[in-house]
Amino acid sequence: MTNTPASSPIRTVIVGVGNCASSLIQGVSYCRALGDQAVGVSFPELAGYTPGHVELVAGFDVDSRKVGKTLGEAAFAAPNCTERFHIDLADQTAPVLRGPDLDGVAAHMLANPADRSFRLSDAPALSKEDIVARLRALEAEVMIIFLPVGSQDAVEFYVECALEAGVAVVNGIPVFIASHPVWAEKFRAAGVPILGDDFKAQMGATILHRTLANLAEMRGVEIDRTYQLNVGGNTDFLNMSENARLTNKRESKTEAVQSAMEQRLDDTDIRIGPSDYVPWLNDRKVAYVRLEGRLFGGARTNIEVRLDVEDSPNAAAEALVAIRLARIAKDRGLAGPISEASAFLFKHPPEQIEDTDAHDVVLRFVNDDT
């Protein structure tokens, strides 16, 4: 174990300065400004680290309205449309640097109106060598990935940069890194921790769906079929309107629910994932969750729930937890997937654990420094 003082800042870089990053940037400044009065903070203190210990030292993006700006400026730049809950971002002066496009930019994202989609920067993209050098010069400790869904090559590119620079990774999207055995071994070999994959929101559709499934199991209800249909109006939903980019997202969300059930459902009896893009919803996500099943004696029952949330703050709350857990893992010299820190926060962790148990596992991980 490395005895690093818990009062030191957690130097963090953001890959993908979209809506989730906007909420994270606002959230860091919000927690610093309000301290104990901040509303809705998950795990206010973890091994001495509070959300205010997160120090954002750089961002990487491809959009002309963000590259070359500060994180504080980029947080509110188009096409970001999330709620502005803390507008004083004067403290967020770290630069947004030009990363490579790779597969982070789907073709249809360039064909939609500018205020809804991407516009590529003319600045030259940094190479892998450039980014590794920047990470080292910044003394970055944690990289959090918020790239668009389906960015397999781009995620792998940044993960390779992090491995070479010795930077811990928090993978917030459904590209399977922490839960993939080949990548897991690469992180172990490099002596670098990783948390992931694909955030569960603070109070989102997945955690609600899992809770209902757990409740049914606990009460002896036989679930026969279920769906979770999600609509939203941010760039994430526009990006996912191309079905080819959805394979891992559907797998991640579906497995998160299947793992909460005593008996797995046939593929034809479960349907989970983004369903449509509704521009006027902006960063609101509306989820429709339905479970059909049988009570004692085969009596029929069904549950239908509608959830309406602001999508990105819902993820940023858990991002602030994951960044601190990644720093704790680095402090202790841990490497590879940090399963104890991932199951509670992510849809597709290295090991699926029931949510109540996963909460206890996180606390044991934080409190056990051996």
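Tutor: Let us begin with Asn-234, which is placed in the loop between strand E7 and helix H7 (235-239); helices (H or I, at least four residues) and strands (E, at least two) are DSSP runs, numbered from the N terminus. This is a predicted model, in which local features need pLDDT of at least 70 and side-chain atom pairs count only at pLDDT 80 or more, while totals for chains, interfaces and linings use all residues. Residues are numbered from 1 along each chain as its sequence is written, and side-chain values use heavy atoms, with hydrogens and water left out.

Asn-234 counts as buried because its relative accessible area is 3%; buried means under 20%, exposed over 50%, and partly exposed in between, with a 1.4 Å probe and protein chains only. The side chain of Asn-234 reaches the backbone nitrogen of Phe-237 at 3.0 Å, where a polar contact is a pair of N or O atoms within 3.5 Å, one able to donate a hydrogen and the other to accept it within protein, and residues adjacent in sequence count only if both atoms are side-chain atoms. Once neighbours within four places in sequence are set aside, Asn-234 is in contact (heavy atoms within 4.5 Å) with Asn-19, Cys-81, Tyr-277, Asn-282, Asp-283 and Asp-311.

Asn-19 leads on to helix H1, where it is one of the buried residues, together with others including Ser-22, Gln-26 and Cys-31. In total, 12 of the 16 residues of H1 are buried, so this helix is largely enclosed by the rest of the structure. Its buried residues pack against strand E1 (10-15), E2, helix H2 (71-74), strand E4 (142-145), H7 and H9. The end C-alpha atoms of H1 are 22 Å apart, which agrees with the 22 Å that its 16 residues should span at 1.5 Å a residue, the expected span being 1.5 Å times one less than the number of residues. Just after H1, Gly-35 takes a positive phi of about 55°. As for Cys-31, its sulfur is too far from the closest cysteine sulfur for a bond, because the distance to that sulfur, in Cys-20, is 16 Å; a search of the whole structure finds zero disulfides, that is, pairs of cysteine sulfur atoms within 2.5 Å.

Helix H9 (residues 311-331), listed above among the partners of H1, has 21 residues and reaches 31 Å from its first C-alpha to its last, close to the 30 Å expected. Of those 21 residues, 19 are buried, so H9 too is largely enclosed by the rest of the structure. After H9 comes Gly-333, whose phi is positive, near 70°.

Strand E7 leads on to an open sheet of four strands in the order E8-E7-E9-E10, with mixed pairing, where two strands pair if DSSP finds at least two bridges between them. Strand E8 (270-277) and strand E10 (300-310) are the edge strands, each pairing on one side only, and the twist averages 10° from one strand to the next. Strand E9 (residues 284-294) runs antiparallel to E10, joined to it by 11 bridges, and Gly-293 has Thr-301 in E10 as its bridge partner. H9 packs on this sheet, touching E9 and E10, and its direction makes about 90° with that of E10; axes are lines fitted to C-alpha atoms, for helices over the stretch in contact, and angles run from 0 to 180 degrees between N-to-C directions. Helix H8 (residues 247-258) lies across strand E7 (222-232) and E8, running at about 140° to E8.
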